[in-house]
Amino acid sequence: MATIKRLLPGLTSIARQAHPAPVSPPVPGLPAQRAQARAYEREIRREERAYWSSWLKDLLVAGLCAAVFYLFIFQLAHIKGPSMLPGYVDGEIAGVSKMHKSLSIYSRGDVWVFRTGGTAGLIKRVIGLPGDIVEIKAGVVFVNGFPLEEGYVTLPKDETLPPVTVGKDTLYILGDNRSVSRDSRAVGPVPVSMCVGKVIFIMWPASAFRIPV
């Protein structure tokens, strides 16, 4: 019995080490809890700032890309008036390549959108380039003394006009519907600064989608 009494305190100590008493949960409002809550709030605010900063940067980059695309590469233009019938109809929406203007790529027979009165909507066909001599005899267009093959003209006008030399940085333009079009026959060659871009396709209405030839 005496031996058991001597061993009992040691056994009790070992049992306490093996099975420590449960720790009570921290009481809300203690300094440590408040510090932890403040750190959590700061982390939330930091993540929110990072999120909105990233979103704003993405928005600015997208806006810059859209501006560059619109100013130098491509835009849409509404076709106005009957001057390009039958190939181009009033109210259609054309896809316009502005890169052709940026790179100064002008070719006879191409259809371009021109800016007039602050809006882009005047559509005409390029007939004469700088240095060309354009003349009209009995409704037939001559460029540098040679008749121009114009299969796109189905509404000609029987007229004769004297030769015109296309000056530097200007274009001689005509509408396909010669009987109603107001173009270089009346106002002379137009400055290239009026050019918006070359028509590369008609996109609206969808049923009329086509690529000009």
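Colleague: What share of the 213 residues of the protein counts as buried?
Modeller: In this predicted model, 30% of them count as buried.

Colleague: Where does Asp169 sit, and what is its phi?
Modeller: Asp169 is in the loop between β8 (161-165) and β9 (170-174). Its phi is near 60°, which is positive, and the residue is not a glycine. Ser104 also has a positive phi, near 55°; that residue lies in the loop between α3 (99-102) and β3 (111-116).

Colleague: Which peptide bonds are called cis, and what are their omega values?
Modeller: One of them joins Leu85 and Pro86, with omega at about 5°. Another joins Trp204 and Pro205, with omega at about 0°. Pro86 belongs to the loop between β1 (74-78) and β2 (93-97), while Pro205 falls in the segment after β11 (195-204).

Colleague: How many aromatic pairs does the structure hold?
Modeller: There are 4. Take Phe201 and Phe209: their ring centres are 5.8 Å apart, and the planes meet at 35°.

Colleague: What makes Phe201 and Phe209 a pair, and is it stacked, edge-to-face or tilted?
Modeller: Ring centres must lie within 6.5 Å, and theirs are 5.8 Å apart, so the two rings pair. Stacked needs planes under 30 degrees apart and edge-to-face over 60; the angle here is 35°, so the pair is tilted. Together with Phe74, these two residues form one aromatic cluster.

Colleague: How do you know that a charge sits over the ring of Tyr152?
Modeller: Arg125 lies over the face of Tyr152, at 3.6 Å from the ring centre. The cut-off for the distance is 6 Å, so that value passes.

Colleague: What lies over the face of Phe142?
Modeller: Lys137 does, at 5.0 Å from the ring centre. That too is within 6 Å.

Colleague: How many helices and strands are there in the protein?
Modeller: The protein has 4 helices and 11 strands.

Notes. Residues are numbered from 1 along each chain as its sequence is written. This is a predicted model: local features need pLDDT of at least 70, side-chain atom pairs count only at pLDDT 80 or more; totals for chains, interfaces and linings use all residues. Side-chain values use heavy atoms; hydrogens and water are left out. Rings of Phe, Tyr and Trp (its six-membered ring) pair if their centres lie within 6.5 Å; planes under 30 degrees apart count as stacked, over 60 as edge-to-face and the rest as tilted. A charge sits over a ring if NZ of Lys or CZ of Arg is within 6 Å of the ring centre and within 35 degrees of the ring normal. Helices (H or I, at least four residues) and strands (E, at least two) are DSSP runs, numbered from the N terminus. Buried means under 20% relative accessible area, exposed over 50%, partly exposed in between (1.4 Å probe, protein chains only).
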